[in-house]
Amino acid sequence: MRFIVSSSSLLKQLQNISGVLNTNNSLPILDHFLFEISENKILVTASDLETTISTSIEVEAKEEGTIAIPARLLLDTLKSLPDQPLTFTIEEDENFGIEISSDYGKYRLSGQSGDEFPKTPEVEAPSTLEVPGELLFNAIEKTIFASGNDELRPVMSGVFFQLTDEGLIFVATDAHKLVKYERKDVKSDESIEFIVPNKPLNILKNILQDQEAKTNVLYNKTNAIFNFSNFKLVCRLIDGKYPNYDAVIPKENPNVLEVDRNQFLQAAKRSSIFSSKSTNQVKLEIKGNKLVIKAEDIDFNNKSEETLDCNYNGSDITIGFNSKFIVEMLSNLSSDSIKLELSSPGRAGIISPSPSNDDNENITMLVMPIMLN
């Protein structure tokens, strides 16, 4: 069995799907890419059992067959070669030997039978949702950083998808911070809810950066399929009920501050250098039209203080936050200025773009305060 493929084209597609590979798999076959060869096309699949992703690549091939090729060895080989046609010759015997011929020489490695590779899960009786690729990318990028990784609370280790007749909502939280991303331009007659794990979403985000095509999402209670361009990703959904996120978002926030986003971001980054390494606490003192950002590390006698101009409507207030959370949130917004809404030093602050860049988009970021020293 034989096929010819561009080394750079193959490398790019394998790198796109390699994010699913684990360093320690329960099944040795999962350390391999599955190559399914048909006339002038190969379908390459990677899986960790929970998530399976496939991509198709144009090749020169006249035969059909399957072979499992060691993933890391193949990736390292392709990275070391300049762009050129590669000829793969697969021995159809019990050894599953693979010879790769390039302009520089020949390389031999041992594969496994493609029949041993786990079958891609089927999604039975699925519902369907169509989402623009750019919209899905933005939703994942703006929410996933807020999701948790606590094994005791698995429902928080992913992003909550909620589709209603009013729009599409994406929510992520780790109980310290929360992001709610709303779109008004994707709607459904039926109410739909499911939780997608972080790992497949990170893979999707990395691939969707280069994709403008629509993404077809097929899902049921246990699995979801994301189809776009020449990719197909199948993942197991997180089982469980998502927390009532609306209940934790303060509705009455009489103290409203507007400030330049980039100035606030850079000041928060600098302040975090001087903050306590155990709490990362920064203190915000808001009075008149001045925002004073203070940080202190008592153990090493380090401290910083910066003052920013702002527009503020409310009572004087002093509140503490984790500087890392503030930096993450401001980094994931693109507006020139942001709005920070506060009610009291003991209640969560709400960060949002001001004004919103898109009438169909609404972003709410919640950050819990830290008790001031």
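Buried means under 20% relative accessible area, exposed over 50%, and partly exposed in between, with a 1.4 Å probe and protein chains only. This is a predicted model, in which local features need pLDDT of at least 70 and side-chain atom pairs count only at pLDDT 80 or more, while totals for chains, interfaces and linings use all residues. Residues are numbered from 1 along each chain as its sequence is written, and side-chain values use heavy atoms, with hydrogens and water left out.

Start with the whole protein. Of its 373 residues, 52% count as buried.

Next, select Asp150 and Arg153. Their side chains meet in a salt bridge (3.6 Å, N to O), a term for a side-chain nitrogen of Lys or Arg within 4 Å of a carboxyl oxygen of Asp or Glu. Asp150 is partly exposed at 33%, and Arg153 is partly exposed at 37%.

Move to Asp48 and Lys199, joined by a salt bridge of 2.8 Å, N to O. Asp48 lies in the loop between β3 (41–47) and β4 (51–58) and Lys199 in helix α4 (residues 198–208), so the pair ties together parts 151 residues apart in sequence. Asp48 is buried at 12% relative accessibility; Lys199 is partly exposed at 26%.

Then select Asp174, Lys177 and Glu328, which salt bridges link in a network.

Finish with the cysteines Cys235 and Cys310. Cys235 is buried at 1% relative accessible area, and Cys310 is buried at 6%. The count of disulfides (pairs of cysteine sulfur atoms within 2.5 Å) is zero.

Notes
Helices (H or I, at least four residues) and strands (E, at least two) are DSSP runs, numbered from the N terminus.
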